[in-house]
Amino acid sequence: MDIQASGHGYHWWYQVLSIDQLDTLQNVKSPLLIVQGGRDTSVSPQKTDEMIKHLKDLGKENIEYQRYDELDHGLNNISGESKRKEVISNMNLWLRSKLGNPNR
């Protein structure tokens with residue numbers, strides 16, 4: 001099908017909507033960081049919060065969650081100012097802490 005929504009075609013949407021994200025995350029063994037904007041209208045912050053709580057209730061300790069209440073899906077604040085650099089900097093710190101070299 002030649003359908004486009006949010007810059008993605010039918011095949012992409014079919015694959016994304018077919019994935020059981022909770023099942024996938026339950027089976028992840030490596031450290032994992034989930035980043036969510038609190039003003040995201042593409043991915044529900046409330047549903048993400050619920051999924052994270054469920055994973056924690058299942059004893060998943062390898063998944064960390066960073067929620068940015070003032071940011072949208074594109075990591076922009078309410079004024080439209082990009083905060084990607086700050087979020088990526090935080091992601092970099094998280095990754096370096098998992099690699100065992102946080103001061104690099």
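**Figure 1. Asn-76 and its contacts.** Not counting residues up to four places away in sequence, Asn-76 touches Arg-39, Glu-70, Leu-71, Glu-81, Ser-82, Lys-83 and Arg-84, where contact means heavy atoms within 4.5 Å. The model is predicted, so local features need pLDDT of at least 70 and side-chain atom pairs count only at pLDDT 80 or more, while totals for chains, interfaces and linings use all residues. Residues are numbered from 1 along each chain as its sequence is written, and side-chain values use heavy atoms, with hydrogens and water left out. Asn-76 lies in the loop between S4 and H4; helices (H or I, at least four residues) and strands (E, at least two) are DSSP runs numbered from the N terminus. Asn-76 counts as buried because its relative accessibility is 16%; buried means under 20% relative accessible area, exposed over 50%, and partly exposed in between (1.4 Å probe, protein chains only).

**Figure 2. Glu-70 in the loop between S4 and H4.** Is Glu-70 buried or exposed? With 54% relative accessibility, Glu-70 counts as exposed. Leaving aside neighbours within four places in sequence, Glu-70 is in contact with Arg-39, Asn-76, Asn-77 and Ile-78. Glu-70 and Ser-82 are twelve residues apart along the chain, and their C-alpha atoms are separated by 11 Å.

**Figure 3. Leu-75, a residue with positive phi.** The phi of Leu-75 is about 65 degrees, although Leu-75 is not a glycine. Most residues other than glycine have a negative phi. Leu-75 lies in the loop between S4 and H4, and counts as buried because its relative accessibility is 17%.

**Figure 4. Helix H4 (residues 84-99).** At 1.5 Å a residue, the 16 residues of H4 should span 22 Å, and the end C-alpha atoms are 22 Å apart, which agrees. The expected span is 1.5 Å times one less than the number of residues in the helix. The buried residues of H4 are Val-87, Trp-94 and Arg-96. These buried residues pack against S3 and strand S4 (63-68). Gly-100 follows H4 and has a positive phi, near 85 degrees.

**Figure 5. The largest nonpolar core.** Six residues form this core: Leu-25, Ile-34, Met-51, Ile-52, Leu-55 and Ile-63. A nonpolar core is a set of buried Ala, Val, Leu, Ile, Met, Phe, Trp, Tyr and Cys residues joined through side-chain atoms within 4.5 Å. Helix H3 (residues 45-57) gives the largest share of the core, three residues. Met-51 is in contact with Gln-21, Leu-22 and Leu-25, leaving aside its neighbours within four places in sequence.

**Figure 6. The largest pocket.** The volume of the largest pocket is about 700 Å³. On a 1 Å grid over the protein atoms alone, a pocket is an open set of points where a 1.4 Å probe fits, with protein on both sides within 12 Å along at least five of seven lines; lining residues have an atom within 4 Å of a point. The lining has 25 residues, of which Gln-21, Gln-36, Ser-42, Val-43 and His-73 lie nearest the centre of the pocket. Helix H1 (10-18), helix H2 (21-26), strand S3 (32-37) and H3 each supply at least two lining residues.

**Figure 7. Leu-17 in helix H1.** Leu-17 is exposed, with a relative accessible area of 65%. Leu-17 and Asp-40 are 23 residues apart in sequence and 18 Å apart in space, C-alpha to C-alpha.

Methods. Points joined across faces, edges and corners; volume = space filled by probe spheres on them.
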